[in-house]
Amino acid sequence: MSNNKKLATLYFDESGFTGNDLLSPNQTVFSYASVESSQEESENFVKYLLNKYHVQNGEIKSSKLLRGNKGKKLIDEVLEHYEGRFKVMVCHKKFALSAKFFEYIFEPALSQSNSLFYGVNFHMFISNMLYLELFLKHQNAEDIFSDFAQLMREGGLEELKVLFKGSNEDEPIFLKQITEFAILNKEAVISELSTLEGTMTGKWILDLTNTSLFSLLGEWGEEYEELVAYCDKSKPLDDDQTIFNAMIGRTDKHYTERGRLKASITFNLREPLNLVDSKDYYGIQIADAIAGAFAYAFNESRDEDKYKLKWQKMGETHLSKTNLFPDISYLDMTNPEVQLNTILLRELLDRSQKGMSLTENMGHYINFIKNQLELEPIKLK
C-alpha cells in the first residue's frame, strides 16, 4: 500500500520567461516554481501580505517587489510561510541550450544505444564543455550557439551556417571535435529536426516551461497519490498539453536514469491542467513570488545581498533534482569518467570519419576503456 499522501493542490508560475530565446542577455536564468496550498489559505495569506506591506496594485508580482528591500522582505515571508511545501526548477539558459545541443546534435546519431552514453555521463561532458566555451566567450562558440538557437527556433534546416561549415584552426580541440562530429552526422540531425516541423513541439522546442512543469509534477507525484495543478496561463501550455493529458488517472510508476540522475516520468493528475489568471487564483501569486526569488538568487548578474544568500541556501532543500546548472566536475580530467568521455568523443569522431557504425560493440568498447583506465589512469602533467 502506498505511503504517499492522498491529494495535493499545486500552483505553478515562472520567472525569466523568454520563450525560445535562451541567449537573452537580460534574463540569464529561468525559474519555475510550484507550491502546495489550498485556495483559502493562499487567498488569506496574500490579502494579509498586501495589507501588511501596503502593496498598491492589489497583486503580488515579484518583478516589481524585487526592486526594493520592502518587496524582498514580503517575498522572504512567503518563503518562510511555505517552507517545505514548495519546489523550484531553476535553469541557467546558456547551459540549457548546451543540453539541447547534445539532445539534437549527438543523440540522433547515438539513438540506438543512447543509454550507454547517458550511463557514463557523456551528455554532461559535452553539455558542460559547450557551456564552458560559451562562458569563456570564445567567438566561434558564440556563433555556434546563436546559429543553433536560430536553427531550432525557425527550423531553417537548409541553413546550418557556422554550425556545420567547419572548424577554424585556432578553435579549442574539443570544440573542433564537436563541430566536426555535427558536420559528419548532419543527416541524422536533419532527420530528427524535420520530424518537429509544423508541430507544437517544434514551435516551442527551446522553451523550458513544459519541461520544468513535467519535472516538478513528477517529483510531487513521489509524495502524493493524486495531483491537481493550477498554472499561470502561458503560450507553450496553451498550445499543447498532450503529455500532461496522458497522465490523467495514471497510477503506474516509471523512471528514467541518466548518469547520476533518476527521475520519475509518471504521475497521477486528477484532471487536466487548469490554466488560470493570477488575479483570480492567489496560489499563482504565491508561486510567482517563489519563482522570482529563485531567479533573483541564482542570476549571475545580481549583486549579493542577505536575501540572495538566504534564498540560495533554501535551494538546498527546495530545488528540483533536475535543475539545469553547469557543473565543471564533469570536466575534471583527473576523474577517470571524464578521461573516458574524452576518449569516447575521439572514438565517435574517428568512426564518423570512417563511415563506421557509432554504436556497434560500443558497450564492449566502453567497458574496455574503463578497465584500461583502472589499470593505468592517464597521468596529467
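User: In this predicted model, is Phe325 buried, exposed or partly exposed?

Analyst: The model is predicted, so the answer rests on computed values. A residue counts as buried under 20% relative accessible area and as exposed over 50%. Phe325 has a relative accessibility of 25%, and therefore counts as partly exposed.

User: How are the rings of Phe298 and Phe325 arranged: stacked, edge-to-face or tilted?

Analyst: The centres of the two rings, Phe298 and Phe325, are 5.6 Å apart. Planes under 30 degrees apart count as stacked and those over 60 as edge-to-face. The planes of Phe298 and Phe325 stand at 55°, so the pair is tilted.

User: How many residues apart are Phe298 and Phe325?

Analyst: Phe298, which counts as buried at 17% relative accessibility, belongs to helix 15 (residues 282–298). Phe325 lies in the loop between helix 16 (306–318) and helix 17 (336–354). The pair links distant parts of the chain, and the separation of Phe298 and Phe325 is 27 residues.

User: What is the geometry of the pair formed by Phe95 and Tyr131?

Analyst: The ring centres of Phe95 and Tyr131 are 6.0 Å apart. An angle over 60 degrees between planes counts as edge-to-face. Because the planes of Phe95 and Tyr131 are at 80°, the pair is edge-to-face.

User: Which helices hold Phe95 and Tyr131?

Analyst: Phe95 counts as buried at 1% relative accessibility, and Tyr131 is buried as well, with a relative accessible area of 10%. The pair ties together parts that are 36 residues apart in sequence, because Phe95 lies in helix 4 (residues 93–110) and Tyr131 in helix 6 (residues 122–135). The two elements are thus helix 4 and helix 6.

User: Which residues of the largest nonpolar core touch the most other members?

Analyst: In soluble globular proteins, nonpolar side chains tend to be buried together. The largest nonpolar core here has 66 residues, and its largest share, 9 residues, comes from helix 4. The members that touch the most others are Phe106, Phe122 and Leu217.

User: Which aromatic cluster includes Phe122?

Analyst: Leaving out residues up to four places away in sequence, Phe122 touches several residues, including Leu110, Asn341, Leu344, Leu345 and Leu348. Also among its contacts are Phe102, Phe106 and Phe117. The aromatic cluster that includes Phe122 consists of Phe102, Phe106, Phe117, Tyr118, Phe122, Phe125, Phe174 and Phe181.

User: How many residues are in the other core, which includes Tyr53 and Leu66?

Analyst: This core lies apart from the largest one. Its members include Tyr53, Leu66, Ile290 and Met314, and its count of residues is 39.

User: Which residues does Ser215 contact, leaving aside neighbours within four places in sequence?

Analyst: Ser215 is found in helix 12 (residues 209–220). Ser215 has a relative accessible area of 17% and is therefore buried. With those sequence neighbours left aside, Ser215 is in contact with Met89 and Thr322.

User: Which ring lies under Lys87?

Analyst: A charge sits over a ring if NZ of Lys is within 6 Å of the ring centre and within 35 degrees of the ring normal. Lys87 is at 4.7 Å from the ring centre and lies over the face of Trp220.

User: Is Lys100, the salt-bridge partner of Glu103, buried or exposed?

Analyst: The side chains of Glu103 and Lys100 meet at 3.8 Å, N to O. Being 3 residues apart in helix 4, Glu103 and Lys100 are separated by about one helical turn. Glu103 counts as partly exposed at 31% relative accessibility, whereas Lys100, at 12%, counts as buried.

User: What is the distance between the closest N and O atoms of Lys313 and Glu316?

Analyst: Lys313 and Glu316 both lie in helix 16, 3 residues apart, about one turn of the helix. Lys313 is exposed, and so is Glu316. Their salt bridge has its closest N and O atoms at 3.3 Å.

Notes:
Residues are numbered from 1 along each chain as its sequence is written. This is a predicted model: local features need pLDDT of at least 70, side-chain atom pairs count only at pLDDT 80 or more; totals for chains, interfaces and linings use all residues. Side-chain values use heavy atoms; hydrogens and water are left out. Rings of Phe, Tyr and Trp (its six-membered ring) pair if their centres lie within 6.5 Å; planes under 30 degrees apart count as stacked, over 60 as edge-to-face and the rest as tilted. Helices (H or I, at least four residues) and strands (E, at least two) are DSSP runs, numbered from the N terminus. Buried means under 20% relative accessible area, exposed over 50%, partly exposed in between (1.4 Å probe, protein chains only). Contact means heavy atoms within 4.5 Å. A nonpolar core is a set of buried Ala, Val, Leu, Ile, Met, Phe, Trp, Tyr and Cys residues joined through side-chain atoms within 4.5 Å. A salt bridge is a side-chain nitrogen of Lys or Arg within 4 Å of a carboxyl oxygen of Asp or Glu.
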